[in-house]
Amino acid sequence: MQTTTHNPTPWLQGFGLNHAVEVTGASRTLYVSGQTASAPDGSPMHPGDVAAQYKAAWQNLLDALHAADMDATNLVRLNFYTTDVPAFMAAAEEIMPIHGAAGSQIASTLLGVSALYDPGIMIEIEGTAVA
């Protein structure tokens with residue numbers, strides 16, 4: 001499998017993101033449901049702290065990848081859903097480098113939503129991985 005990034009303008013790369021990721025030679029695609037800052041029993045973690053919630057949701061996403069014998073290098077797309085876009089953007093310098101440091105080359109979408117499954121949950125991360 002090979003991935004090639006396409007960036008007609010450079011601004012997304014400042015966030016560790018790409019305009020597009022092309023995949024060739026892949027034989028498996030994994031669609032990961034939205035992951036949140038949820039404890040194993042489903043209870044929300046880190047209420048009011050979008051950065052801590054992002055890190056917990058990211059770990060839950062990594063756990064799902066590992067269950068499929070994949071890791072962060074297999075990710076090609078992440079969708080971010082947040083109930084507080086300004087808080088997400090304020091934390092972006094802290095949280096966005098996480099996937100790049102793990103070897104991910106991703107395209108992404110950030111969506112502001114009115115609510116997630118629990119009022120205490122501020123961020124949900126949905127992924128697509130290939131191998």
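S108 has its place in strand β5, where strands (E, at least two residues) and helices (H or I, at least four) are DSSP runs numbered from the N terminus. At a relative accessible area of 24%, S108 is partly exposed; on this scale buried means under 20%, exposed over 50%, and partly exposed in between, with a 1.4 Å probe and protein chains only. Setting aside residues up to four places away in sequence, S108 touches L17, N18, R77, L78, N79 and F80, a contact being heavy atoms within 4.5 Å. S108 and G127 are 19 residues apart along the chain, and their C-alpha atoms are separated by 9.0 Å.

The model is predicted, so local features need pLDDT of at least 70 and side-chain atom pairs count only at pLDDT 80 or more, while totals for chains, interfaces and linings use all residues. Residues are numbered from 1 along each chain as its sequence is written, and side-chain values use heavy atoms, with hydrogens and water left out.

Turning to the whole chain, the secondary structure comes to 3 helices and 6 strands. Along the sequence these elements follow the pattern β-β-β-α-β-α-α-β-β. The radius of gyration is 14 Å, close to the 14 Å that the globule rule gives for 131 residues, so the chain is as compact as a globular protein of that length. This radius is taken over C-alpha atoms, and the rule is 2.2 Å times the number of residues to the power 0.38. The C-alpha trace spans about 40 × 35 × 25 Å along its principal axes. Buried residues make up 40% of the 131 residues. Of the contacts between residues at least 6 apart in sequence, 74% join residues at least 24 apart.

Helix α1 comes next. This helix has 18 residues and reaches 26 Å from its first C-alpha to its last, close to the 26 Å expected at 1.5 Å a residue; the expected span is 1.5 Å times one less than the number of residues. Leaving aside neighbours within four places in sequence, the contacts of Q53 are A37, M45, H46, P47, G48, G120, I121, M122 and I123.

H46, one of those contacts, sits in the loop between β3 and α1 and is partly exposed at 35% relative accessibility. H46 has a positive phi of about 55° although it is not a glycine. Just after α1, D69 takes a positive phi of about 60°. D69 is found in the loop between α1 and β4 and counts as exposed, at 68% relative accessibility. For context, most residues other than glycine have a negative phi.

In helix α2, F88, A91, A92 and I95 are buried. Seen down the axis of α2, the buried residues fall within an arc of 150°, so they line one face of the helix; the arc is that of the directions from the helix axis to the C-beta atoms. The face turned away from this buried side carries the exposed residues P86, A90 and E93. Cover for the buried residues of α2 includes α1, β4 (75–82), α3 (97–101), β5 (107–112) and β6 (123–130). At the start of α2, a side-chain oxygen of D84 reaches to within 3.0 Å of the backbone nitrogen of A87.

Finally, the structure holds 1 salt bridge, defined as a side-chain nitrogen of Lys or Arg within 4 Å of a carboxyl oxygen of Asp or Glu. The side chains of K55 and E94 form this bridge, at 2.6 Å from N to O. The pair links distant parts of the chain, with K55 in α1 (residues 50–67) and E94 in α2 (residues 85–95), 39 residues apart. K55 is partly exposed at 38% relative accessibility, and E94 is partly exposed at 44%.

Terms used. Polar contact = N/O pair within 3.5 Å; in protein donor to acceptor, adjacent residues only side chain to side chain.
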